[in-house]
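Hello,

Here is the structure I said I would pass on. Please open it first, then read my notes below.

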Amino acid sequence: NKTKSPVELGLFNSCFYAQIAKIRIKDGMNSQSLPEIKSAFKTLSTDFTNLINSYVDHFINIKKEGKWSIGEETEHVILAAQGTLYLINQPKENLPASDHASKSYDELELAYKSGLALTPGINNPLTNPQTGPLTKKQLVEKWENTMAGINKDLDQWTDEEMDKVTVWKHPLLGKLTPKEMLLFTIFHSKGHILTINAKISSFEP
């Protein structure tokens with residue numbers, strides 16, 4: 001058998017971890033209680049860390065058809081999660097009361113996809129990736145620090161508290177409770193993992 005080159009082996013590993021993340025993509029879809037959300041975040045954190053660590057350095061910053069590179073797509077996911085960390089870390093007493101009960105994962109995802117179809121290309125400029133080359137080490141460090149912060153902050157909330165206040169008004173979803181913000185972060189991250197998976201599969205050594 002022909003020995004695989006470092007690039008071939010790296011692409012094989014990336015595709016492997018991308019498939020693992022894809023298989024586990026449904027984890028968290030029925031999450032609604034705080035313990036279930038914590039578990040879903042741990043799965044997401046592990047899967048994405050493994051996937052980033054498997055990236056082939058040569059391909060991280062390559063753009064195709066004017067779209068984000070794998071590195072840029074990864075940083076977008078991280079920046080969006082950092083926004084969630086900031087929002088759930090606000091003093092609870094400063095947050096306004098919610099005017100609705102928290103929606104389920106499925107309800108939020110359907111509303112998001114429906115809104116996105118009507119206004120394609122809408123994006124929060126604060127989550128646009130940096131210009132310039134990105135490194136695997138840089139991305140892993142940012143992602144792990146962000147996930148550690150979210151997991152730590154989740155211990156400061158109860159299920160009841162997460163349904164009672166508003167943390168942000170999303171341009172497509174409207175006012176979100178902390179629980180809804182976390183559910184959004186899960187399906188937003190996983191959606192981009194699928195896109196990254198497709199980008200990895202498009203490369204040939």
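Start at serine 189. Leaving out residues up to four places away in sequence, serine 189 touches Leu44 and Val77. Keep in mind that this is a predicted model. Serine 189 sits in helix 7. Is serine 189 buried or exposed? Its relative accessibility is 1%, so serine 189 counts as buried, the cut-off being under 20%.

Now the helix around it. Helix 7 is mostly covered, with 19 of its 24 residues buried. At 1.5 Å a residue, the 24 residues of helix 7 should span 34 Å. The C-alpha atoms at its ends are 35 Å apart, which agrees.

Next, the whole chain. The chain has seven helices and two strands. From the N terminus, the order is α-α-α-α-α-α-β-β-α. Of the 205 residues in the chain, 45% are buried. The accessible surface is about 10800 Å². Carbon and sulfur atoms account for 55% of that surface. Take the contacts with a separation of 6 or more: 81% of them join residues 24 or more positions apart.

Then the core. How many residues does the largest nonpolar core have? The count is 46. Phe48, Tyr55, Trp143, Ile150 and Leu182 have the most contacts inside this core. Five elements are listed as giving two or more residues to it: helix 2 (34-54), helix 3 (70-88), helix 4 (105-118), helix 5 (136-154) and helix 7 (178-201). Which helix gives the most? Helix 7 does, with nine residues. As background, nonpolar side chains tend to be buried together in soluble globular proteins.

Look closely at leucine 182. Not counting residues up to four places away in sequence, leucine 182 touches Ile37, Phe41, Thr84, Ile88, Ile150, Leu154 and Met162. Ile150 is another of the residues with the most contacts inside the core.

Last stop: methionine 147. This residue is in helix 5. Methionine 147 is buried, because its relative accessible area is 1%. Setting aside neighbours within four places in sequence, methionine 147 is in contact with Phe41, Ser45 and Ala81. Phe41 is also one of the residues that leucine 182 touches. Where does glutamine 82 lie relative to methionine 147? The two are 65 residues apart along the chain, and their C-alpha atoms are separated by 8.5 Å.

Best wishes

Note on methods. Residues are numbered from 1 along each chain as its sequence is written. This is a predicted model: local features need pLDDT of at least 70, side-chain atom pairs count only at pLDDT 80 or more; totals for chains, interfaces and linings use all residues. Side-chain values use heavy atoms; hydrogens and water are left out. A nonpolar core is a set of buried Ala, Val, Leu, Ile, Met, Phe, Trp, Tyr and Cys residues joined through side-chain atoms within 4.5 Å. Buried means under 20% relative accessible area, exposed over 50%, partly exposed in between (1.4 Å probe, protein chains only). Helices (H or I, at least four residues) and strands (E, at least two) are DSSP runs, numbered from the N terminus. Contact means heavy atoms within 4.5 Å. Accessible areas come from the Shrake-Rupley method with a 1.4 Å probe; for residues, only the protein chains shown count as cover. The expected span of a helix is 1.5 Å times one less than its number of residues.
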